Amino acid sequence: MSYGLMSAAQAAQAAARVMARCDQLAEISETPEFLTRVYLSTEHLRANALVGEWMAAAGMTVWQDSVGNICGRYEGLEPGAPALLLGSHLDTVRNAGRYDGMLGVLTAIETVQSLQAEGKRLPLAVEIVGFGDEEGTRFGITLLGSRGITGTWPESWLTHPDGNSITVAEAMADVGLDAGAIQQAAREVKEIVAYLELHIEQGPCLEQEDLPLGVVTAINGARRLNCRFVGEAGHAGTVPMTHRKDALAAAAEWMVFIEQTTPKYSPQLVATVGTLQCSPGAVNVIPGDVALTLDVRGPEDRPLAELLSVLLTQAEAIALRRGLSFSADEYYQIPATRCDEGLQAALSRAVTQVQGRSLSLPSGAGHDAIAIAERWPVGMLFVRNERGISHHPSESVMEQDVASAIQAYARVVRDVAGELR
């Protein structure tokens, strides 16, 4: 085996293990019919225990931290060396696929397994974390695991209830965790050099380019708004078309504008009207009040803000022309997270070695890297996912793509650790 390279046969064997382990983890679910595994559930701890066994078998020291992340460390040449952190999440949405999150943890274990098989230590330690909560399925708040690592838990999270009125603090106690010890999960900045995350692409770009792997440039920022057109309800049979103040017609006009304008403004920006409620909501009444949501995302904050301004200005113009009023209330904002340029370059080198060329693309979905980037440089590697479907049982990756991902991952870990130049 060439130094820093994993042979095709070794990668194929590793990929087969990863696929089998994804299947094993998928069996750890609160329901037998479909995969659901939420934060601080018995299934969460069972998954942690199983992943911890695999980490230990790869030569790692294993522990579960105070917020429920499962962690492993493969020591470097010098004990106590700073670590390159690898990972993703082990929780799922409801009725989930088996690769979102889990694939990143299991491929990281194979990367360490390849080092152990060689009896090799790197200048940096390699740590792996299986984050306990990225999806926010149970409590409606996200990145609890990764914000435990960064030490940025808001105190209010402890009293946040789930759908059964069980608070985070109570759920922690139920599984033997101490809500008063949350800060023990936080890592000092000097302990970690950088973070790498492998994840399925939650979109179709790699499939369209016929490539197994891609390098993430940024994780999209997002702005979410509750919007409202208010006109005047009236009898569907007696109010002439030219006299109407139809709030739904105004909303429809705006929605078409959003759809047509966003791709012209920038191919990397997306905008979605996800919900629509009409009032009074009767077949024979002109809608006088329409509430709708707007979600706008992009990999750079300034173009995103500029697009949002254009969209809201147009909504106001539509309302004015039609004799209606328009209002918008922004209730959620997260800035774009730029991936580290040096890590992007290292990932691109590894991907090019494996598949001949590298494709760079943004991530439209959120990841644990968002939280980790507040403390350390982050890089992300995408793996092709059939039709880009995620958060659904139809998630599907090809075993040969996973083999390519493991080869690239093993190479970039050694590159970032200073062993490949």
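Rings of Phe, Tyr and Trp, the last by its six-membered ring, form a pair if their centres lie within 6.5 Å; planes over 60 degrees apart count as edge-to-face. The exercises below apply to a predicted model.

**Exercise 1.** Which residues do ring pairs link into a cluster with Phe229?

Solution. Under the pairing rule, the count comes to six aromatic pairs. Ring pairs join Phe229, Trp254 and Phe326 into a cluster.

**Exercise 2.** Classify the geometry of the pair Trp153 and Trp157, and decide whether Trp153 is buried or exposed.

Solution. The ring centres of Trp153 and Trp157 are 5.4 Å apart and the planes stand at 70°, so this pair is edge-to-face. Buried means under 20% relative accessible area. Trp153, at 10%, therefore counts as buried. Trp157 has 11% and is buried as well.

**Exercise 3.** Classify the pair Phe229 and Trp254, and locate both residues in the chain.

Solution. Here the centres of Phe229 and Trp254 lie 5.8 Å apart with planes at 70°, so the pair is edge-to-face. Phe229 belongs to strand β7 (residues 221-230) and Trp254 to helix α7 (residues 247-265); the two are 25 residues apart, and the pair links distant parts of the chain. Phe229 is buried at 0% relative accessible area. Trp254 is buried, also with 0%.

**Exercise 4.** Describe how helices α9 and α11 cross.

Solution. The axes of α9 (residues 341-355) and α11 (residues 399-416) come within 8 Å and cross at roughly 135°. That angle makes α9 oblique to α11. The crossing of α9 and α11 is right-handed. Among the residues making the contact are Leu343 and Leu347 of α9 and Ala408 and Val412 of α11. The contact residues divide into nine nonpolar, three polar and three charged.

Terms used: Residues numbered from 1 in each chain as written. Predicted model: local features only at pLDDT ≥ 70, side-chain atom pairs only at ≥ 80, totals over all residues. Heavy atoms only, no water. Axes fitted to C-alpha atoms, helices over the stretch in contact; angles between N-to-C directions. Helix = DSSP H or I, 4+ residues; strand = E, 2+ residues; numbered from the N terminus. Parallel < 35°, antiparallel > 145°, perpendicular 65-115°, else oblique. Left-handed = near helix turned anticlockwise from the far one by under 90°. Contact = heavy atoms within 4.5 Å. Nonpolar A, V, L, I, M, F, W, Y, C, P; charged D, E, K, R; others polar. Phe/Tyr/Trp six-rings, centres within 6.5 Å; stacked < 30°, edge-to-face > 60°. Buried < 20%, exposed > 50% of the residue type's maximum accessible area, 1.4 Å probe, protein only.
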